[in-house]
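Trainee: I would like to check a few labels against their definitions. Where do we start?

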Amino acid sequence: MATELHFDCGTLVAPTLPDDARLRALFQKDARTGVYRTEAWRYREVVLRLRELGEPYEDRARRFEPLALELKVPIEPFPHQREALEAWTQAKGRGLVELPTGAGKTLLAVLAIAHIQRPTLVVVPTLDLMAQWQMVLGKHLGVEVGLLGGGVNDRQPVTVTTYDSATAQTEFHGNCFGLLICDECHHLPAPSYRFIAEGSLAPYRLGLSATLERTDGGERVCEELLGPRVYRAEIRELQGRYLAPYEVRRIEVQLPPEEKARYDEARARYVGFLRKNGISLSAPEGWARFLAQSQRSDEGRAAYRGYREQKRIALTSSAKVDVLWRILLEHQGDRVLVFTEDNETVYALARRLLLPVITHHTPVPERKRLLAAFASGELPVLLTSKVLNEGVDVPDARVGVILSGNGSVREHVQRLGRILRQRPGKRAMLYEVCSAQTAESGISERRRQHSAYQEGA
Amino acid sequence: MLTRDLLLFRVREGRLRPSFIKREDPELLAIAKELIAELEGGNGQTRDDLEEALSLRAGAFSRPRIARGLVKLLVDRALFDEATEGVAETRWERFQLAARVLRELPPGATLEAYEARLAEALPAPLPEVREALYVDLPGHRRLLGWEALTPADLLDRYNLALAQGPLLGARRLTLRARAPELLRVRKLLRWLKFCRLVAEVRRDGEDWALEVEGPGALLSLQKKYGLQLASFLSVVPVLERWELMAEVEASARRRAVLVLDHRDPLVSPLPAALGHIPAEVATLAEAFEDAEWELDLTPLPRHMGAAGLCVPDLTFRHKETRREVALELFHAWHAGALARRLGELRSRPDVGLLLGVDRALARGEEREALEHHPQVVLFNGFPSARRLRERLARLLSEPAPAGT
């Protein structure tokens with residue numbers, strides 16, 4: 001009887017197996033159901049071993065066939081893209097490529113898909129990237145590209161999805177794609193995302209990232225599940241050739257006396273309430289305790305209002321808005337991306353200045369329209385909180401303004417990457433605007449500790 | 001479900017026990033009623049306003065975390081309207097206009113000058129435009145209705161959610177059912193399959209023991225199946241006497257064992273109907289009450305093919321040899337299930353299973369194959385005791401498969 005292979009919720013199952021120690025070592029006998037079971041990602045190894053043994057097998061696991069794909073819009077790869085593709089091909093279509101933002105990872109992926117000729121799932125971190133990948137893949141491959149995520153459920157032989165959607169869907173579609181591409185693959189080692197690669201049969205795999213290293217050593221997980229690092233180029237190697245040269249300016253904003261007084265008063269009100277009630281916000285239940293306590297008395301409600309007021313002042317002080325205004329005027333002919341820390345701030349700015357916003361609340365059609373209008377120059381300023389941090393292609397942006405943000409170095413480098421796409425004569429500018437005399441200035445120091453910043457500053 | 005910050009439990013000697021509430025507690029019934037009234041009176045209110053009003057009521061309650069949990073369960077059941085038509089288009093026009101104004105400003109123009117030009121160019125007052133700009137954000141959506149619950153139902157859902165929460169971090173659970181009725185077990189096993197879980201099922205006298213986990217749990221997969229296990233819990237109270245244990249995360253660094261049983265105030269939200277044992281099966285059982293065979297109406301489930309689960313309708317046990325043969329019935333409306341089962345038998349033979357197939361399914365090309373299939377007994381309406389005895393006698397004359 002031929003060995004049968006089945007896909008079962010992210011696992012590979014064989015009801016029976018030939019008597020081969022190497023093959024059996026790949027599986028575990030499942031005492032619950034009486035079958036042999038292994039992780040879906042071992043499919044390639046299992047099939048290769050069955051072929052090597054010359055054993056007949058019936059593949060009921062795989063739900064994909066080779067797919068005829070050709071480039072409808074030719075790509076003339078940069079040397080680093082060609083080298084990366086060659087290295088990945090030589091590694092038998094498995095591996096990680098580390099390239100700075102703006103160095104053309106998406107086009108490298110298009111070349112890889114056209115080379116491998118298999119149904120492909122591309123996993124990306126955000127809805128914006130999803131829409132952007134769909135556009136690029138559709139343009140170059142000339143096929144309808146499916147989307148899974150953001151309320152859209154349209155699976156096609158070439159499909160783009162988000163890490164969140166893929167986590168929930170892999171047990172259902174993990175056998176439908178021959179090539180798995182993980183964009184910004186430094187996300188993959190997170191325990192909740194790992195199953196995307198573990199539960200997929202895809203024999204071919206490509207991981208793309210600007211910054212593979214993780215503080216927890218998670219890059220080893222990427223290597224195990226996607227393949228070894230086959231190519232790497234540093235941001236400094238490409239700057240000026242394939243990335244625009246750049247400059248970073250830091251602007252420290254003094255709160256006006258009246259705002260400073262309101263800030264101090266509001267902060268004292270809320271900090272005083274915390275102290276009086278012995279609430280520490282760094283304790284696990286601290287925030288919940290503050291919320292509960294603050295609703296039980298007029299003093300508590302005033303403290304809660306104080307908390308919101310001091311935060312609002314720090315993030316959208318009139319001095320900061322004035323600085324932003326001056327930057328917008330100075331760069332009237334440029335495309336400007338403005339980054340903020342949270343949605344509340346970004347929507348407050350949008351209402352104040354009547355400028356468009358992209359956040360995770362923005363529906364996919366509206367975000368596509370906004371990005372297109374930004375690219376064409378029809379809407380030259382775009383405000384965002386965190387959603388444009390990673391990989392979204394806004395090559396026309398020349399100016400970035402970080403109006404507030406957290407201390408993550410990775411986030412800052414990615415924000416820089418947004419504005420670094422090369423254009424003839426382009427010199428990118430990154431402004432970092434933070435309030436002096438507030439808790440924000442410490443955050444700014446922390447996020448500047450990266451070579452890309454030290455290089456440009 | 002409740003978020004982690006809303007779960008209330010105690011851990012003592014490694015055992016985690018949810019801090020269940022009493023469904024007859026007058027204070028809790030009163031706050032539940034109050035919150036429900038707030039929601040019922042909130043039709044047309046924005047999500048932000050409604051959530052703020054509910055959280056203020058919750059915050060003022062003497063046990064705010066419980067009240068916040070009730071709020072979470074209520075808001076999960078609320079239905080808000082979709083984005084208002086035309087808002088996105090109007091917004092688009094506002095942005096185009098603002099971009100034009102910005103482009104035409106002279107160098108050195110102040111923010112106030114920009115606002116003044118905007119006010120001139122806009123067809124509505126600037127404050128109104130600002131207010132309406134993002135009126136379609138989720139927090140601005142308006143309440144349309146909700147999945148109605150009584151205050152007591154809400155407290156029941158809360159207790160269930162308290163027990164489901166810790167299971168989100170579990171990899172498996174152990175369930176012991178004490179002398180359950182067949183129909184209750186069947187409902188449980190159907191729900192198990194629906195939750196895409198697998199179980200090692202053992203019979204111990206009249207009791208059933210189930211080790212429930214995800215298909216990949218025995219491998220080094222990161223997938224935890226916690227959501228499926230939590231969902232499975234909602235069927236467990238259908239059993240009348242039971243005990244459940246699961247290793248869970250009490251905190252980021254601390255493991256504990258969740259311990260639940262039928263004395264806990266858990267109520268299944270699933271429909272109460274259990275199905276029924278067809279009269280024909282009962283009649284068949286009577287026809288087999290003799291010296292040669294005995295019938296078991298509560299057979300163990302059988303794993304089929306790569307991932308199938310079959311709960312046979314009954315099992316025949318030969319009194320002398322103790323050999324068992326299970327029977328699964330396929331009626332006219334089971335064409336898909338029959339095709340699946342035949343495929344599973346092809347990939348993984350199970351000679352201990354007979355398939356009783358209604359002749360309505362044996363039409364066209366499949367007829368001959370079904371008539372000659374060694375494990376199929378065709379019937380009209382219901383298989384007769386005589387036909388089954390003949391087939392069983394034939395099976396007995398063949399060598400017994402290994403393991404039976």
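Mentor: With burial: a residue is buried if 20 or more other C-beta atoms, placed from the backbone, lie within 10 Å of its own, exposed if 12 or fewer, and partly exposed in between. The model is predicted, local features need pLDDT of at least 70, side-chain atom pairs count only at pLDDT 80 or more, and totals for chains, interfaces and linings use all residues. Residues are numbered from 1 along each chain as its sequence is written, while chains are lettered from A and ligands numbered from 1 in the order in which they are written.

Trainee: Why does A:Q81 count as buried?

Mentor: A:Q81 has 23 C-beta neighbours inside 10 Å, so the residue counts as buried. A:Q81 belongs to helix α3 (residues 79–90) of chain A; helices here are DSSP runs of H or I with at least four residues, strands are runs of E with at least two, and both are numbered from the N terminus.

Trainee: Which residues does A:Q81 touch, leaving out those up to four places away in sequence?

Mentor: They are A:G104, A:L107, A:L108 and A:L111. Contact means that two C-beta atoms, placed from the backbone, lie within 7 Å. A:Q81 and A:A109 are 28 residues apart in sequence, with 9.5 Å between their C-alpha atoms.

Trainee: What makes α4(A) largely enclosed by the rest of the structure?

Mentor: Of the 12 residues of α4(A), nine are buried, so the helix is largely enclosed. Among them are A:L108, A:A109 and A:L111.

Trainee: How do you know that the length of helix α4 (residues 105–116) of chain A agrees with what it should span?

Mentor: The expected span is 1.5 Å times one less than the number of residues. For the 12 residues of α4(A) that should be 16 Å, and the end C-alpha atoms are 16 Å apart, which agrees. Just after α4(A), A:Q117 has a positive phi of about 60°.

Trainee: What makes strand β14 (residues 324–330) of chain B mostly covered?

Mentor: Six of the seven residues of β14(B) are buried.

Trainee: Why are strand β13 (residues 314–318) of chain B and β14(B) called a pair?

Mentor: Two strands pair if DSSP finds at least two bridges between them. β13(B) and β14(B) have four, in the antiparallel sense, with B:T315 opposite B:A326. The two strands form a hairpin with five residues between them, where B:R322 in the turn has a positive phi of about 65°. β14(B) also pairs with strand β15 (residues 353–358) of chain B, in the parallel sense over five bridges; there B:E328 stands opposite B:L355.

Trainee: Which residues form the covered face of strand β2 (residues 15–18) of chain B, and which the uncovered one?

Mentor: B:L16 and B:P18 form the covered face, B:R15 and B:R17 the uncovered one. Strand β1 (residues 9–12) of chain B runs antiparallel to β2(B), joined by four bridges, and B:F9 has B:P18 as its bridge partner. Two bridges join β2(B) to strand β9 (residues 254–261) of chain B, in parallel. The partner of B:R15 there is B:V257.

Trainee: How many residues of each chain meet between chain A and chain B?

Mentor: 43 residues of chain A are in contact with 38 of chain B. On the chain A side, 19 are nonpolar, 11 polar and 13 charged. Ala, Val, Leu, Ile, Met, Phe, Trp, Tyr, Cys and Pro count as nonpolar, Asp, Glu, Lys and Arg as charged, and the others, Gly among them, as polar. The predictor gives the complex an ipTM of 0.70 and a pTM of 0.74.
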